[in-house]
Amino acid sequence: MASTPPFDIVFFGGTGDLALRKLMPALYQAHKYGALDPDGRIFALGRKALSIEDYLDLLLQWVKQALGDDYDEPSWASFTSRLQFHKLEANNADDYKALASVLNAPSDRVTVCYLATAPDLFTTICGHLADVGLNHSNVRLVLEKPLGHDLTSSNAINEAVGHCFTENQIYRIDHYLGKESVQNLMAIRFGNTLFEPLWRREWIDNIQITIAEELGVEERGEFYDRTGALRDMLQSHLLQLLCIVAMEPPASLSEDAVRDEKLKVLKSLKPFSTEDVLTRTVRGQYRNGAINGAPVVAYREEKHVAHDSNTETFVALQAELANWRWAGVPFFLRTGKRLQERVAEIVINFRDVPHALFPMPLGLHSANRLVIRLQPQESVRLYFLAKEPGDAMNLQSTYLNMDFHTTFKARWADAYERLLLDVIRGRLALFMRRDEQAQAWTWVEPILECWSNYAASPKTYTAGSWGPAASSALLSRAGFLWHEET
C-alpha cells in the first residue's frame with residue numbers, strides 16, 4: 001500500500017466515543033500495515049487535561065476491543081510514538097494559539113482537522129482555526145454527520161464553515177461510502193456488460209436498502225433523543241447508498257464527475273406530500289425485549305432519554321425516482337436500532353420472466369436478486385433458479401457467492417481507514433459536496449414536518465424483532481416482502 005505524504009492529523013473530540021472506537025483504531029491499522037508516512041503526527045484534543053500516559057491507557061482499551069487479534073505490542077509502541085494529547089476548550093482562543101504553535105509546520109505539509117464533536121461546535125472551532133491561520137491551503141477539514149438538525153441549520157453551518165475554508169478543503173464524511181463492498185458495487189455496475197443493460201426499470205422490480213443494528217443508543221441517549229433515526233441514518237447513510245445504486249455512469253472517476261451524478265439522483269427523488277408521508281413512511285420505537293437471548297430495556301428506559309420520548313429508533317419508507325431509468329421502481333429504505341440482526345445490505349430484486357415455464361419454488365417471491373452485503377461480512381451474492389438433481393424438473397433457488405475475501409488475498413481496509421487515508425491524500429470523491437447535503441435535507445424536511453405536525457407516537461416494536469408490523473405492511477401493499485421474509 002502506498003504511503004501518504006507527511007501529515008499532521010488533529011482530532012477535536014479526541015476522548016469521545018468516535019475517536020476512541022473508530023478513528024484511532026483505523027489509524028493504528030494504517031500505521032501497522034505501512035500506509036502512513038513515517039513523518040506523520042497524530043494529535044488528540046480534549047477538554048480535560050490528561051497526561052499522554054493516561055490518554056494512551058484509555059485508548060489502548062478501545063483499540064484492543066476493536067481489533068482483537070490484530071493488535072500487537074511492537075506496532076502499538078511505534079504507533080504511540082506519533083501521538084500527542086493536548087487540552088483544548090472549543091471556546092478558548094488561547095488554546096488555539098497554543099495548537100497553532102505546535103502545528104507551525106512547513107507549508108507543504110498536510111494538516112487534517114477532524115471535527116469528531118457535536119455539530120453545534122463546528123462553526124466555533126472553524127472560526128478559531130481561521131483566526132490562528134490554521135485554514136491555509138494545505139489544511140483539510142473533516143466534518144462528521146449529522147451536519148445540522150434540518151436544512152436551515154445545515155445551511156448555516158455550511159455557510160459559516162465556508163467563510164473559513166474553501167469547498168475543496170471540506171470533507172463531509174459518510175463512512176459507508178468507504179466500505180469495500182460499496183466500491184465493488186460501482187465496479188460491478190460500470191465494469192461489466194452483464195449488469196449495466198439490466199440496471200433499469202425494464203428489468204428491476206424493486207430495490208431494498210437496509211441498515212439494521214442490534215445495539216441500542218448505548219451512551220448516546222442525549223444526542224440520539226434530539227436526533228432520531230431519520231436524521232442520524234436515513235438522511236446520510238441510506239440516501240448516499242441509494243445514490244450509488246441509482247446514479248448514471250459518470251464520465252470519469254474524478255471527484256466532481258461522481259458527485260455530479262449523485263446530486264442528479266437526489267434531485268430526482270419525488271418529494272413527499274402529506275399523504276405520502278402518512279402512507280409511505282413508518283416510524284418505530286423499540287420496547288423492551290431480548291438481543292441474543294439477553295434482556296434489554298425499552299428506548300424510553302435508556303439513560304438520558306426522556307420517559308415520554310417520541311423519538312423514532314426505526315424508520316422505513318418507500319421512495320421513487322422521477323427519471324427515465326427508474327420511473328415506477330420503488331426504493332424501500334429501512335434502518336433501526338435493537339433489531340434482530342446487525343446487517344447492512346442492498347438488495348436488487350429483478351423482474352420475473354415474462355412467461356413462467358416452471359412453477360416458482362414454494363415460498364419464493366423473486367427468482368433473481370443481487371444482494372450486496374456491507375456488514376458484518378462484506379459479500380455479493382447473485383440468486384437464481386437451477387434444477388434439482390433427479391427426474392423431475394423441480395427448480396430451487398441457489399446463488400453465486402462472490403467471496404472477495406477468498407478471491408483477493410489482500411487485506412481489506414476498514415471504511416474509516418480508507419477515508420482517513422483519502423483525506424490525507426486529498427481525494428474528495430467519497431465525500432459529500434455541499435449541494436448534495438442540502439438536497440438530501442430538502443427531500444427529508446417534508447417528512448420531518450409532517451411527523452411534527454401530526455404528533456403521532458411512533459409504532460412500538462419488540463427489541464430483537466425486525467421492527468414494527470407496519471414496516472412489513474408497507475411492502476405488502478406494494479406486493480413485495482423484505483429480503484429476510486422471502
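In the predicted model, Asp-37 is found in the loop that runs between helix H1 and strand S2 (40–46). When residues up to four places away in sequence are set aside, Asp-37 touches Ser-3, Thr-4, Pro-5, Pro-6, Phe-7 and Arg-82.

The loop between H1 and S2 also holds Asp-39, which is joined to Arg-109, in the loop between helix H4 (93–102) and strand S4 (110–115), across 70 residues of the chain. In this salt bridge between Arg-109 and Asp-39, the closest N and O atoms are 2.9 Å apart. Arg-109 counts as buried, at 8% relative accessibility, whereas Asp-39 is partly exposed, with a relative accessible area of 40%.

Helix H1 (residues 17–32) itself packs with helix H2 (residues 52–67) at an angle of about 75°, the two axes being 9 Å apart, and H1 is therefore roughly perpendicular to H2. The contact brings Asp-17, Leu-20, Arg-21, Met-24, Pro-25, Tyr-28 and Gln-29 of H1 against Tyr-55, Leu-58, Leu-59, Trp-62, Val-63, Ala-66 and Leu-67 of H2. Classified by residue type, the contact of H1 with H2 comprises 11 nonpolar, 1 polar and 2 charged residues.

Across the whole structure, 32 salt bridges are found. One of the pairs is formed by Lys-262 and Glu-436, whose side chains meet with an N to O distance of 3.2 Å; since Lys-262 belongs to helix H9 (residues 255–268) and Glu-436 to helix H13 (residues 434–454), the pair ties together parts that are 174 residues apart in sequence. Lys-262 is buried, with a relative accessible area of 1%, and Glu-436 likewise counts as buried, at 0% relative accessibility.

A further salt bridge connects Lys-303 with Glu-219, the closest N and O atoms being 3.2 Å apart. Here Lys-303 lies in the loop between strand S10 (294–296) and strand S11 (314–319), while Glu-219 lies in the loop between strand S7 (204–212) and helix H8 (221–246), 84 residues apart. Lys-303 counts as partly exposed, at 48% relative accessibility, and Glu-219 as exposed, at 58%.

Key
Residues are numbered from 1 along each chain as its sequence is written. This is a predicted model: local features need pLDDT of at least 70, side-chain atom pairs count only at pLDDT 80 or more; totals for chains, interfaces and linings use all residues. Side-chain values use heavy atoms; hydrogens and water are left out. Axes are lines fitted to C-alpha atoms, for helices over the stretch in contact, and angles run from 0 to 180 degrees between N-to-C directions. Helices (H or I, at least four residues) and strands (E, at least two) are DSSP runs, numbered from the N terminus. Angles under 35 degrees count as roughly parallel, over 145 as roughly antiparallel, 65 to 115 as roughly perpendicular and the rest as oblique. Contact means heavy atoms within 4.5 Å. Ala, Val, Leu, Ile, Met, Phe, Trp, Tyr, Cys and Pro count as nonpolar, Asp, Glu, Lys and Arg as charged, and the others, Gly among them, as polar. A salt bridge is a side-chain nitrogen of Lys or Arg within 4 Å of a carboxyl oxygen of Asp or Glu. Buried means under 20% relative accessible area, exposed over 50%, partly exposed in between (1.4 Å probe, protein chains only).
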